[in-house]
Amino acid sequence: MKFQKLKKDKLKKTKRMSNKTENKSVLLSLSNNLMVKDVEKTISYYNNIGFKTVYKSTEDGVIYWAFVKKNEVELFFQSNTSLTDEFPELKNQEKGGALTLWFRVENIDQWYQEIKNKTEIIKPFGITSYNGAKEFVVKDINGFILHFSDFDLNKALNNLQLEL
């Protein structure tokens, strides 16, 4: 009898908890949408360094939006004209953006060998003095800075908390 009451109480509590989480918003992912001059040339560049084209949107035979992917990394590209039509606030923005895209890479030595002769290297492969990570940086054909590293920030933060 006590077991049945305990089981019922636990079920009620579980139901109350699940109702609470159902009402909370949850951010599921973040995808970029990078403004580029020529989506077709951009797709070609990223295909050349190992990304696969997942989807392309065209209008009058011209690609204005595309989605490429390599492993778990997704990149979206949209033409200047299409994106500024959608968001006029972007019309006066410099192309290439004041940002870097940081990629965590497993087997970074191999990744570097795969792409080093296919892109502009702006920071050669090396080991950082501040965290011991292997990394290198390239600039794509649109001026975006792509920073590749084997540094596992989550692991480092977990280790730091364990030390505290």
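**Exercise 1. Which strands does helix α2 lie across, and at what angle does it run to β3?**

Solution. 
Step 1. This is a predicted model, in which local features need pLDDT of at least 70, side-chain atom pairs count only at pLDDT 80 or more, and totals for chains, interfaces and linings use all residues. Residues are numbered from 1 along each chain as its sequence is written, and side-chain values use heavy atoms, with hydrogens and water left out.
Step 2. Helices (H or I, at least four residues) and strands (E, at least two) are DSSP runs, numbered from the N terminus. Helix α2 covers residues 39-48.
Step 3. The strands that α2 lies across are β1, β2, β3 and β4.
Step 4. The angle to β3 is about 20°. Axes here are lines fitted to C-alpha atoms, for helices over the stretch in contact (heavy atoms within 4.5 Å), and angles run from 0 to 180 degrees between N-to-C directions.

**Exercise 2. Describe the sheet that holds β1 to β4.**

Solution. 
Step 1. Two strands pair if DSSP finds at least two bridges between them. The sheet is open, has four strands in the order β1-β4-β3-β2, and its pairing is mixed.
Step 2. The edges are taken by β1 (34-36) and β2 (52-59); each has a single partner strand, so one side of each lacks a neighbour in the sheet.
Step 3. On average, neighbouring strands of this sheet are turned by 25° against each other, direction ignored.
Step 4. For the pair β2 and β3, the sense is antiparallel, over seven bridges. Within this region K52 stands opposite K69 in β3.

**Exercise 3. Which residues of helix α4 are buried, and why do they line one face?**

Solution. 
Step 1. In α4 (residues 108-115) the buried residues are I108, W111, Y112 and I115.
Step 2. Seen down the axis of α4, these buried residues fall within an arc of 100°, so they line one face of the helix. The arc is that of the directions from the helix axis to the C-beta atoms.
Step 3. The elements they pack against are β3 (62-70), β6 (120-127), β7 (134-139) and β8 (145-149).

**Exercise 4. How many salt bridges are there? Describe three of them.**

Solution. 
Step 1. A salt bridge is a side-chain nitrogen of Lys or Arg within 4 Å of a carboxyl oxygen of Asp or Glu. By this rule the count is four.
Step 2. One of them joins D152 and R104, at 2.9 Å from N to O. D152 is in the loop between β8 and α5 (153-163) and R104 is in strand β5, 48 residues apart, and the pair links distant parts of the chain. D152 is partly exposed at 22% relative accessible area, whereas R104 is exposed at 51%.
Step 3. Another joins D109 and K134, with the closest N and O atoms 3.0 Å apart. This pair connects helix α4 with strand β7 across 25 residues. D109 is partly exposed at 37%, and K134 is partly exposed at 27%.
Step 4. A further one joins K123 and E135, with the closest N and O atoms 3.4 Å apart. K123 lies in strand β6 and E135 in strand β7, so the pair ties together parts that are twelve residues apart in sequence. K123 is partly exposed at 35%, but E135 is buried at 4%.

Conventions
Buried < 20%, exposed > 50% of the residue type's maximum accessible area, 1.4 Å probe, protein only.
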